[in-house]
Amino acid sequence: MALHLILFGPPGAGKGTQAEQIARRRGIPKISTGDILREAVQNGTAIGQRAKAVMSQGQLVGDDVMIGIIRERIDQSDARNGFILDGFPRTVTQAIALDKMMSGRDPLVVIEIAVPEGELLRRLSMRMVCDVCGHTAGANAASGPGGTCELCGGKLVQRTDDHDNVIRERLNVYQRQTRPLIEFYQTRPTFRSVNGSQAPDRVSADLTAAIDSADSGVARGARP
Ligand code: ADP
């Protein structure tokens, strides 16, 4: 069975960190729309030029653009045996389009990583990322500005959308446009929720258990 996993949750829930680990363990790609867009901005592509201002204000890039990006990405050969989506879908329109793309493929497993808002604010305002490889530094790393990336030695910086007013706007946008997706998915037999306010290792163990239990539901023939 191919694992088609959506890691769902608010900014700062730890989706990227967890997705990276699962991708490595399972040998399937992590598809992060945030990373794809940041790369497009850096490379100055047409999409990047349009997305830059929207992202720096904490708003969402248009559905058509995002749906096009994902349609193309999941058709690539490395995604044939499964993939992990981090940051997509973020609107009901995107979720409906994804369901259409998935027709004829193994069902989506959707796992919510739930974290209370106060904890998200704290995490996002402290978050440091590598300005070379994009890796998010662990909370215990010597990770103030000026620290170095544990993976590539690059310089650690704050993301431009991790400043206070933009963080608040991203959390508002999440509540308004993305959280309604829980209702969209939660009645499916392959939906699970894990407690994301635990230590990363605990979250990772709970996620593994949630994926296994959702997968066995799929294997028994439960179809969303
Ligand atoms: P976070 O999950 O920490 O908010 P991401 O790295 O996933 O950040 O995304 C950064 C920004 O990229 C978002 O605030 C938004 O502007 C844009 N973006 C990413 N994914 C999507 C998407 N599926 N739809 C619309 N905009 C997106």
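Student: Is Arg 73 buried or exposed in this predicted model?
Tutor: Arg 73 lies in helix H4. The cut-off for buried is under 20% relative accessible area. Because its relative accessibility is 17%, Arg 73 counts as buried.

Student: With which side chain does the side chain of Arg 73 make a polar contact?
Tutor: Leaving out residues up to four places away in sequence, Arg 73 touches Pro 29, Ile 31, Asp 78 and Ala 79. The polar contact, at 2.8 Å, is with the side chain of Asp 78.

Student: Which element gives the most to the largest nonpolar core?
Tutor: This core has 28 residues, and those with the most contacts inside it include Ile 70 and Leu 98. Elements that each supply at least two of its residues include strand E1 (3-8), helix H4 (63-74) and helix H5 (92-101). The one that gives the most, with five residues, is H4.

Student: Which helix gives the most to the shell around the ligand?
Tutor: Of the 19 residues around the ligand, those that come nearest include Thr 33, Arg 38 and Gln 59. By class, the shell has seven nonpolar, five polar and seven charged residues. The helix that gives the most, with four residues, is H2 (residues 33-43).

Definitions and conventions
Residues numbered from 1 in each chain as written. Predicted model: local features only at pLDDT ≥ 70, side-chain atom pairs only at ≥ 80, totals over all residues. Heavy atoms only, no water. Core = buried A, V, L, I, M, F, W, Y, C linked by side-chain atoms within 4.5 Å. Buried < 20%, exposed > 50% of the residue type's maximum accessible area, 1.4 Å probe, protein only. Polar contact = N/O pair within 3.5 Å; in protein donor to acceptor, adjacent residues only side chain to side chain. Contact = heavy atoms within 4.5 Å. Near = heavy atom within 4 Å. Nonpolar A, V, L, I, M, F, W, Y, C, P; charged D, E, K, R; others polar.
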